[in-house]
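I opened the notebook to look at surface patches, ring contacts and charges over rings. My entries follow the structure.

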Amino acid sequence: MSRKRSSLMFCLRSNSVAEKFDYCPDIPLPSLPPGGAVVKVIYAGACYTEEQLRGTSKALTPGIRDNSILTGFEVSGIIHDVCSAETNGNFNVGDRVIIYPEKHHLTQDSYAEYITVKDVNNLIKIPSHIPLEVAAMLPSGGLTAYNTVLRAKPIVEHMLKSQNCCNILIVGAGGLGLWTVRLAKAFIGGDCNKVHITVADTSIDKLEIAQQHGCYDVIHWHDADHEQYLIERTLDVCPGGVDVVIDYVGSPRTTSRTLKVLNRGGVMLVGGNCRYEVSICLNSLSKNQHSIVGLSNGTIEQLRELVEVLSSGQVSPPTYATFPVTQANQVFQDINECKIVGRAVLQVSAIDD
């Protein structure tokens, strides 16, 4: 699909979760913005943007409900053009980069062969030993998980000053959950005798993958099981109760369940899609001294740190699979039906063409 030395490109466009992607050929290449760059997209994480998810809160697919698919913008590629004032500075044509999402990226509705970056400071160079398909998973899923772990780390360290062990429960074994297991093992749970990282999910297949990523234990939260049984099973796996919950699902049922297994003074970190309306008894929250913390995607400084973390080999990426962008409709269908374990990454262009 690529068009070397052409002024045209292609894109795949979908206005909402309910619509399939349409192939749009012969789109004019974007103009070089002042002080910015044009990036040829090589890989893109399979994500929905906020624009595509808008108005779908009452019709979420299973893949969105359990966070198999992420909200965000994930791209890696090669600099195609860069403002002349910047060429002899940090960036040059041909550099391998990822993009910290700008506002216009988060509202777009397409996978385009070339995209603009208005501010080159939102570009981050990728070392040659990090595959671009791995780099593409960093700006949304990887960064959100990294920010989560950095928020959880001081909480866990504080708890360990007054107790021998800290139980961390990660709700959701999708891409965010797997990233979080990897990063939490590196930054929080190095001593498995003091920090137990447990993952809960409705899918046995996903839980098996989570175990392969190094979590301490897993809990199968089958949708058909009685609620009290799931609570008792969780407490059996997490003896003494849960100290920190990282909930990437945020449904009424998971929220109610985790608050019932959360210890006095425990903390719930909430991230991911979390498009549910949840009722919480503030009296119980106060009585049990529970804290609920919302999570953001993370900062560009954290994204730079995350690149260094992967570059040094301190953390390995979670399980992923790559697909041609021409298979985007099938890939999104499979993710929405929870048929893909780990992350899905789309190859938009070839590196050498």
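I began with the patch rule: a patch takes residues with over 30% relative accessible area and no salt bridge, joining like charges within 9 Å and nonpolar side chains (Val, Leu, Ile, Met, Phe, Trp, Tyr) within 5 Å. A salt bridge here is a side-chain nitrogen of Lys or Arg within 4 Å of a carboxyl oxygen of Asp or Glu. Areas come from the Shrake-Rupley method with a 1.4 Å probe, and for residues only the protein chains shown count as cover.

The model is predicted, with local features needing pLDDT of at least 70 and side-chain atom pairs pLDDT 80 or more, while totals for chains, interfaces and linings use all residues. Residues are numbered from 1 along each chain as its sequence is written, and side-chain values use heavy atoms, without hydrogens and water.

**Surface patch.** I looked up the nonpolar patch and found V278, I280, L282 and I292, with about 320 Å² of accessible area together. I placed I292 in strand β16, residues 291-294. Strands (E, at least two residues) and helices (H or I, at least four) are DSSP runs numbered from the N terminus. I292 has 36% relative accessibility, so I logged I292 as partly exposed. The classes are buried under 20% relative accessible area, exposed over 50%, and partly exposed in between (1.4 Å probe, protein chains only).

**Aromatic pairs.** Rings of Phe, Tyr and Trp (its six-membered ring) pair with centres within 6.5 Å; planes under 30 degrees apart are stacked, over 60 edge-to-face, the rest tilted. I got five aromatic pairs by this rule. F10 and Y23 have ring centres 5.9 Å apart and planes at 45°, so I called the pair tilted. This pair joins strand β1 (residues 8-13), which holds F10, to strand β2 (residues 22-28), which holds Y23, 13 residues apart. F10 is buried at 0%, and Y23 is partly exposed at 40%.

Next I checked Y146 and F187. Their ring centres are 5.9 Å apart with planes at 65°, so the pair is edge-to-face. Y146 sits in helix α6 (residues 138-159) and F187 in helix α7 (residues 175-187), 41 residues apart. Both Y146 and F187 are buried. I also logged F21, Y111 and F332 as one aromatic cluster.

**Charges over rings.** The test is NZ of Lys or CZ of Arg within 6 Å of the ring centre and within 35 degrees of the ring normal. K125 lies over the face of F91, 5.7 Å from the ring centre. R257 has its charged end over the ring of W221, 4.3 Å from the centre.

**R343.** I found R343 in strand β18, residues 343-347. R343 is buried, at 2% relative accessibility. Its C-alpha atom is 9.1 Å from that of L178, 165 residues apart along the chain.
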